[in-house]
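Visitor: I would like to learn how to read a protein model, one feature at a time. Where do we begin?

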Amino acid sequence: MARAFLIVMDSVGAGGAPDADRFFNGERPDSGANTLGHIAEECAAGRAETGRSGPLQMPNLDALGLGAAVRLASGAAMRGFDATPTGLWGAATEISKGKDTPSGHWELAGVPVPWDWHYFPETQPAFPESLMAEVARLAGTEGTLGNCHASGVPIIEAHCEEHLRTGWPICYTSADSVFQIAAHEETFGLDRLLNLCKDLAPTLHAMKVGRVIARPFVGKCGKFKRTANRKDFAIAPPSPTLCDWVQVAGRKVHAIGKIGDIFSMQGIDDVKKGTDAALFDHLMAAAEEAEDGSLTFANFVEFDTLFGHPRDVSGYAKALEWFDKRVGEFLPKLRPGDLAIFTADHGNDPTWTGTDHTRERVPVVGYGLGLKPVGQIAFTDVGASVAAHLGVPSQGPGRSFL
């Protein structure tokens with residue numbers, strides 16, 4: 001019985017979103033953003049030489065059709081990516097009114113977001129007084145820190161000493177529909193932080209804030225490190241997704257990375273977490289061990305968190321090249337009849353203004369069906385196609401391209 005592997009390269013966009021002019025980084029619209037295209041351009045020009053060197057090299061995914069997918073998505077050439085496709089390839093367009101993680105993943109799994117997300121204003125303070133009082137009450141503290149739009153590392157740097165002295169949680173948001181809480185794993189306590197976020201989540205979800213995110217860190221001020229124990233408490237999908245369709249059909253759904261968090265464990269049998277390096281080891285194990293008829297749904301988040309938001313072109317390029325090398329090890333492990341699809345949930349162009357995601361189409365490249373150009377498709381078509389491959393009824397608006 002066929003198996004499916006749906007692998008999301010978080011933020012690895014391909015440009016060309018038709019509504020990019022409606023989404024912004026600061027005052028600059030996302031029109032023209034192209035995560036893959038611009039990284040390849042910077043590498044070819046010798047402007048991404050930290051920790052790596054030369055043109056961007058992703059031969060395994062390019063052989064399937066990655067370069068062709070980027071050209072289809074944006075109309076822009078992807079320098080150095082000239083392979084004639086041998087796999088499934090196309091480009092997907094999102095309709096949900098957000099360029100965030102839940103919107104992208106849910107829509108890939110067949111369910112567009114039917115509401116407008118709540119975003120906090122770029123003011124200081126950013127949060128209502130009543131919300132901060134609730135955070136302090138649940139945390140058992142006399143107050144909170146932060147209360148603004150910020151990136152994770154700078155705000156921890158700014159409040160680290162006061163956090164360690166008072167125990168007050170550090171609260172911040174971004175251009176996404178999120179409420180984030182940073183706290184020291186040892187002095188504040190990891191379980192305490194996770195429980196705080198879990199208990200606070202229903203309040204934020206009622207406001208249509210997509211995620212409450214626990215952001216633990218360790219170490220001394222000036223030398224702290226955020227850990228892999230991050231946990232997202234996401235609002236539940238509005239209707240059954242691909243994960244539910246597969247599970248209801250009596251099949252197994254294995255999650256790798258933050259998939260379990262994104263789907264609130266709805267339709268998920270088990271989860272493997274860790275760094276992206278560890279996650280790829282879990283993906284390799286799934287290729288060997290996953291049951292016939294199962295779905296393995298993976299998210300590799302470090303493209304986004306470590307390199308996209310900090311606008312680190314060299315780091316992003318190095319991560320892409322590492323990932324492609326692992327893809328070359330993964331594909332031979334698949335069995336006859338398996339389908340592996342590599343795609344993304346949004347963009348995060350590291351050459352762009354600001355620190356936010358960028359509104360982009362995403363590449364869709366696949367292995368297991370031979371050469372199969374699928375053209376311009378919808379995000380929801382990905383979920384419908386995976387369901388069709390597994391012989392599971394699709395309940396969403398997507399159409400199979402198989």
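Predicted model: local features only at pLDDT ≥ 70, side-chain atom pairs only at ≥ 80, totals over all residues.

Visitor: Which strands pair with β13?

Guide: To read pairing, look for the bridges between two strands and for their direction. β1 pairs with β13 in the parallel sense over 6 bridges, and Ile 7 stands opposite Ala 298. Strand β11 (residues 253–256) also runs parallel to β13, joined by 4 bridges. There, His 254 is opposite Thr 296.

Visitor: What does Leu 295 touch, leaving out residues up to four places away in sequence?

Guide: Contact is a matter of distance between heavy atoms, with a cut-off of 4.5 Å. Leu 295 touches Ala 4, Leu 6, Leu 242, Val 246, Lys 252, Val 253, His 254, Val 386 and Leu 390.

Visitor: Which residues touch the most other members of the largest nonpolar core?

Guide: Leu 295 is one of them, together with Leu 56, Leu 61, Phe 323, Phe 330 and Phe 342. That core has 85 residues. Helix α12 (residues 313–330) gives the most to this core, with 8 residues. A second, separate core holds 23 residues, including Phe 127, Met 132, Leu 194 and Ala 214.

Visitor: Let us turn to another strand. What surrounds β6 (residues 170–173) in the way of paired strands?

Guide: Again, check direction and bridges. Strand β5 (residues 145–149) runs parallel to β6, and 4 bridges join the two. Cys 148 stands opposite Tyr 172 in that pairing. On the other hand, strand β7 (residues 178–184) runs antiparallel to β6, with 3 bridges. Ile 170 has Ala 182 in β7 as its bridge partner.

Visitor: Are the residues of β6 buried or exposed?

Guide: They are buried. Ile 170 and Tyr 172 point one way from the strand, and Cys 171 and Thr 173 the other way.

Visitor: How many salt bridges does the model have?

Guide: To find one, look for a side-chain nitrogen of Lys or Arg within 4 Å of a carboxyl oxygen of Asp or Glu. By this rule the count is 19. One of them joins Asp 338 and Arg 3, at 2.7 Å from N to O. Asp 338 lies in the loop between α12 and β14 (339–343) and Arg 3 in the segment before β1 (4–9), so this pair ties together parts that are 335 residues apart in sequence. Both Asp 338 and Arg 3 are buried.

Visitor: Which residues form salt bridges with Lys 99?

Guide: Asp 30 and Asp 356 do. For Asp 30, the closest N and O atoms are 2.7 Å apart. Asp 30 is in the loop between β3 (28–29) and α1 (35–44), and Lys 99 in the loop between β4 (88–93) and α4 (101–108), 69 residues apart. The bridge from Lys 99 to Asp 356 is 3.3 Å from N to O. Asp 356 sits in the loop between β14 and β15 (362–367), so this pair ties together parts that are 257 residues apart in sequence.

Visitor: Why do Asp 30, Lys 99 and Asp 356 count as buried?

Guide: Compare each value with the cut-off of under 20%. Asp 30 has 0% relative accessibility, Lys 99 has 7%, and Asp 356 has 8%.

Visitor: Which residues are linked in a network of salt bridges?

Guide: Asp 176, Arg 211, Arg 230 and Asp 232 are linked in this way.

Methods:
Residues numbered from 1 in each chain as written. Heavy atoms only, no water. Core = buried A, V, L, I, M, F, W, Y, C linked by side-chain atoms within 4.5 Å. Buried < 20%, exposed > 50% of the residue type's maximum accessible area, 1.4 Å probe, protein only. Pairing = 2+ DSSP bridges.
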